[in-house]
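Hi there,

Here is the structure I promised to pass on to you. Please have a look at it first, and then read my notes below.

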Amino acid sequence: MKLSLESIKEKEAWKGYHLPEFDPKEIMENTKKKPQWMHFGSGNIFRIFPAVLCQRLIEQGKMDTGIVCCEGYDDEIITKCFRPYDNLTIGVTLNMDGRLEKEVIASMAESLTMQYDQERITEIFCQPSLQMVSFTITEKGYSLRNAAHELVPAVLEDMKNGPENCKTFMAQLTAMCLARKAACNAPLALVSMDNCSHNGEKLQAAVLEIAKAWLDNKKIVQEEYDYLDQKIAFPWSMIDKITPRPHPAVEEQLIADGLEEISPFVTAKHTYIAPFVNAEKPQYLVIEDQFPNGRPPLEQAGVIITSRDTVNKVEKMKVCTCLNPLHTCLAVYGCILGYTSIAEEMKDPQLRDFIDQMSHKEGMPFVVDPGVIDPKQFLNEVLNERFPNPFMPDTPQRIATDTSQKLSIRFGETIKAYIESSEHDVSELTLIPLVLAGWLRYLIGVDDSGKKFEVSPDPLLLDMQKKMIGIELGVGVDKEKLRPILSDASIFGVDLYKCGLAEKVARYFTELMTGVGAVRATLKKYVG
């Protein structure tokens, strides 16, 4: 059988699948008449999380419209993964006991691309019924600048030319908001659902920077700028759901169920995608309550609607204490110890105890409690359900990507808390410095058995490796070579020399570098 609107009418053929408890064609028609929700970035996390939220609300009778899905980067997601399947997706939840919960998701009412359907997208933007436009376009999707923090040429060109015929996505988005002003002058919420801190702020900054350039270049008037500044809302959000690439074992199960043409493929722009999505069961979405034109009742599908301050606190809880620091520890040490699975690492007694002790003893004393999610319960779920899930095919190699950009927020904030505390001293820290030393050891690109491995991409990789030239496994470490790195507050959030941790990190690194097997021996020494 094939995934299609006609096929899912044959319910007997879809035993074991949750089918939509509504008429998808009716939802499509309703959405065309009065669109409420549009989304840009139609990849995996959107299809298994926001799209499912919408499906739940439709099934509860709380919504009678679906989501208009738009793609501004990779058209093949729409042309090869949406339209051939009548905009349906199979969502597969990977449970710890091996059970697969399978569902046909039918809340995506229309699929469009910026390249071919911009006129239709703008038409929807201009509808007064539109309440929210959400985004999962990755953090770099909001950036107007290159690595040197210079405006990229295409953005400069759009700023010079004004709202007509824009080439870059953020300029196109800004122009569509202005078209909405001209058509109906109704307010709108632009909701980033990307996994980055202060995501709404990043989106707002990009839109208003482009609009300010247009205002300065006399391409728009003050009233138009004021509309963007005052009537377009940019709620902050925190999203959390591990959504790895489509897994071969899931593909095999779907094929065994009788499904055809379901295999993953890679687009010309290197997007790895399939007509199905697999993900863990736990999920969190916390959004600032800032919707000037109304919104779907998202809280009735499990979304936490709250204040900006609370969203920020949830983000800090997760990123600084309860999840991301643990991920980074497992990433760098997992690569050094030859692991290719986070779940397998959780069977390693030293690594398991490492993140358990680090989070409970060193992180939790300064955890930010947001009130809407219990940090202890969240951490317990991470340690006992999420990371150990053997059916979640996540790798330390993927998580180790861009580690230099993550250390300051994931560990630097806790170090600062110790520095400022009257009850604790930074000298108490043992395991956080051991993670930082582990990252330096990781950069050597040699595992604990002495074999070379490929270090994951990182914008500072070449610079770090240049600074560490001459440091080799089994050869005594010249600690002065580490000074330019350990004193760099842009990496660690603090100057490790000034706060008193540099000597400890350098000592741990020296121990990790003494020879083959030194990493395991060091972990046993300090973790137990």
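Two strands count as paired if DSSP finds at least two bridges between them. Helices (H or I, at least four residues) and strands (E, at least two) are DSSP runs, numbered from the N terminus. Before the findings, please note that this is a predicted model: local features need pLDDT of at least 70, side-chain atom pairs count only at pLDDT 80 or more, and totals for chains, interfaces and linings use all residues. Residues are numbered from 1 along each chain as its sequence is written, and side-chain values use heavy atoms, with hydrogens and water left out.

Now to the sheet. It is open and has six strands, in the order β6-β3-β2-β7-β8-β9, with parallel pairing. β6 (108–113) and β9 (232–233) are at the edges with a single partner strand each, so one side of each has no neighbour in the sheet. Further in, β2 (residues 37–40) and β3 (residues 67–71) run parallel and are joined by four bridges; F40 has C70 as its bridge partner in β3.

Next, helix α10 (residues 248–256). Its buried residues (under 20% relative accessible area, with exposed over 50% and partly exposed in between; 1.4 Å probe, protein chains only) are V250, E251 and L254. These lie on the same side of α10 because they cover an arc of only 100° around the axis, taken from the directions from the helix axis to the C-beta atoms. Among the elements that cover them, by contact (heavy atoms within 4.5 Å), are β1 (17–18), β4 (89–94), β5 (100–105) and β13 (276–280). E252 and A256 are exposed on the face turned away from the buried side. Just after α10, G258 has a positive phi of about 105°.

Finally, the cavities. A cavity is a set of points on a 1 Å grid over the protein atoms alone where a 1.4 Å probe fits but cannot get out, and lining residues have an atom within 4 Å of a point. Grid points are joined across faces, edges and corners, and a volume is the space filled by probe spheres set on the points. There are three cavities of 30 Å³ or more. The largest holds about 60 Å³, and α14 (349–363) is among the helices that line it, giving the largest share with four residues.

Enjoy exploring it!

Best wishes

How values were computed:
1 Å grid on protein atoms, 1.4 Å probe; cavity = no way out; pocket = protein on both sides within 12 Å on 5 of 7 lines; lining within 4 Å.
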